[in-house]
Amino acid sequence: MSDAAIHRKPLFGRTRRRMTARFAVAVLILIIFLFPVYWLFITSLKSAAEIFARPPVWYPAEFNLRTFAVLFKDGDVWAIYNSLIIASVSTVVAMVLGTAAAYSLARFKTGGQNLAIWIISQRMIPPIVIVFPVFLMFVWFGWIDSYVGLILLYIAFNLPYVIWMMRGYIEDIPIEVEESALTDGCSRWQALRKIVFPMARTGIFATAVFTFIFAWNEFVFAMILTRTEVLTFPVLVTHYYGAQSTFWAKIAALSVLGTLPVFFAVATLQRFLVRGISMGAVKG
Amino acid sequence: MAGLRLRGVHKFYGKVHAVRGIDLEIPDQGFTVLVGPSGCGKSTLLRMIAGLEVVDEGTVEVDGAVVNDMRPKDRDVAMVFQNYALYPHMSVFENIAFGLRMRKVPNAETRERVHRAAEMLGIPELLERMPRQLSGGQRQHVAMGRALVRDAKMYLFDEPLSNLDAQLRDEMRTEIKRLHQELRTTMIYVTHDQVEAMTLADRIVLLRDGVIEQEGDPLELYERPTNRFVAGFLGSPAMNFVPARIEAENGGLGVRLPDQTVLALPEGRRSAYADQVGKTILIGMRPEHMHRDREGEQRDGFGRISVTVEIVEPMGANTLINFHLGETSILARLDAYAAEQPGQKLDLLVDMNRAVLIDPESQRVI
C-alpha cells in the first residue's frame, strides 16, 4: 500500500464521529425491537400490582415466578406440549413428503412446467376462506380436537411451501454431481442420501425451521378445530382475555414459554439459516 | 476388459431426433474419441453407454450381453464430467475414495489405491483439501483421480478439458495419453475439439446430426475423408474448398481452377476420374499441402498456382498467408519466412496426391 493510501483515511476525527453515530443508531434500533420482548418477559415476572401500576414499573422489585408455577399447576403448559407434538410431527412428515415430491419435480420434470406452479398456488388461498368447509369435513371424519386432524391439516398446508423451496435447492445442485455418484456405484437412493441431502443440508434446515414456525404460530385453524384436548399455545393465550378481566401475567408467562422453543431452535440452527436463506440465489 | 457394441441406437428428446441409428463397435483397450460439432449427439451417446440416458431404440451390448436396462452402478464404468462434478462436501481423499467405498473395498486397500492415484496425477498434497479450495486445474485432476482409482471396465470422458485454459489443456492432453498408454484400458472420450481428437485417439468416430460421418484411425480420416464435412472438420486451419472442373489436357487429366490455371492430376489418380471429364467439382486443399516454389522447376505430382498474397501471419515455426482464387479466400501454411508482405506475388506448389475432389451435389469425395 502506498503512503497516500494510508493517509487517505484518518484514524481519528471524521471517521470516528461517523462510527459513533452509527453505533448510536444501531443501539436505538435494537432498543425499539427488543423492548416488546423485554416487556413480555418482565411482565411474566411481575406481581399483579406491578402489572397495573401507574406509572408503569420498568423493572420489577423481585423476580416473581408464581405465574409460571400456576401455569404448571393448572396444567396450562399442556398447550405447549400439544404445540410441540403437532408442529414437530407435521414438520417432519411435510419435509419427508415435500422433499421427495420436490426431487421428482426438479429431476424428472414431473408434471411438466405447470405442476409446480399449481402446487404453490395452493398456498395462495387465504386460510379463512376454507376454514368452515374444513371444519365440516373434520366433524364428519371425527377429527375435531384431535392431534391427527391438526397434524394432517398443517402437513397439507406446509407441503406446497416445502415442495417449492426444496425444488429450488435441489435444482441448484448440478445434476452431474448426482450422475457422478450413480456411475461411482450409488443407487438412486444412495445418491440422494450421500450426495443430494448433504449438499441441500442448509436448504433442508431453513425450510424445516420455517415450516415449524408456521405450525407453531398457526392460529385460525387451531382456534376453530380444537376444543379442550389439543389446545395449542396460541389458542390458549386467547382464553386469558375476558370481558371482565384479562390475565396479563398468564398471557405473558405462557407467551414466554411459547417463545423459548422457537428461540432455541433458531439460535442453534442460525449457522445454517443464514446460509440457507441466501443460498439458491447464486449458483456456487 | 470389455467389448462394447452399439446396434441401431436411437435417442429422441421430445421431437428432436438426437441420435439416429448408430452402429458402432468400440475396440477393447483402445482410445476411442467421439468428436463432432455441438449438438451432434456425441455426449448423448456417451451417456447412453454410461446408463445415464435411456436408449429409445436399439441395443448397447457389453461383452455380448445387452445392458440397456442395467443401472449405471452395475455397468462398472467410470466417468469424468465436463464440470468435474466433485462432491463439494467431501475432502479430495473422500472424493477419490467414494467409488471404492460404494463397492465395499477394504479400508486399507482404499487408502493405498487413493494414494497411488494421487501420486499418478501428482496431487498427493491435495488429499486433505476440500474441492472449493482447489483451482480449476486441480479440480480436473481430482475428477480424473476419481475415475482412475476405480478398476472399471470402461473409462468415459465427457469433454473433460474444455473448461481449462489453453496451456493446461495441452498438458492434461499429454497426461491423459500417457495414462492410457500405462493402463491400456478401454477409454471413450467425447470432445468437439478436433485437435484433441486427432492427438488422443486410436480411433476417431466423427458424428454430425446424430449419425456417424466416418470412423477410423485419425490419420486415415485426415488423409482419406469420405465427404466434405469430414474433410473440413479435421485439420487446423481447415481445408480450403475451391470450385473447379475436371478437364482433359495433353493426354492427361487436370483440374481447372477459377483463375483458369490447370492443375494436372498425378498419373496414379487419373484412371479414377476418366469418366468425370467436364464435371464441376470442389477441390479440397489443406493449407499445409501448399508450398512456396522458389526454383520454378516442375515437380511430379504437384501443380503450380500463381497468387497475390493478401495477408501474412507469421507463426514463428511457419507462416500463414491468405489469398484469393477466383471468389474463394484461401489459407496456406508455408515455411517460416516464405512470404514477407501483402501484395507479394508467389508461385505455390499444390500437392495433388493429397488434394481431395468432391462432388458438390452429394458432398461426397469422388
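Into which domains is chain B divided? The views below take this up along with the chain contact and a sheet. This is a predicted model, in which local features need pLDDT of at least 70, side-chain atom pairs count only at pLDDT 80 or more, and totals for chains, interfaces and linings use all residues. Residues are numbered from 1 along each chain as its sequence is written, while chains are lettered from A and ligands numbered from 1 in the order in which they are written.

**View 1. The domains of chain B.** Chain B splits into domain 1 (4-227) and domain 2 (240-358), with bounds that come from an automatic or database domain assignment. Between the C-alpha centres of these domains of chain B lie 40 Å.

**View 2. Where chain A meets chain B.** Chain A brings 14 residues to the contact and chain B brings 18 residues; two residues are in contact if their C-beta atoms, placed from the backbone, lie within 7 Å. On the side of chain A that touches chain B, α9 (175-183) and α10 (188-199) of chain A each supply at least two residues. The most come from α9(A), with six residues. Helices (H or I, at least four residues) and strands (E, at least two) are DSSP runs, numbered from the N terminus.

**View 3. A sheet in chain B.** Here is an open sheet of six strands with mixed pairing, in the order β6-β7-β8-β3-β9-β10 (chain B). Strands pair if DSSP finds at least two bridges between them. At the edges, β6 (77-80) and β10 (211-216) of chain B each pair on one side only.

**View 4. Strands β7 and β8 of chain B.** Strand β7 (residues 154-158) of chain B runs parallel to strand β8 (residues 186-191) of chain B, and five bridges join them. Look for B:Phe157, which stands opposite B:Tyr189 in β8(B).
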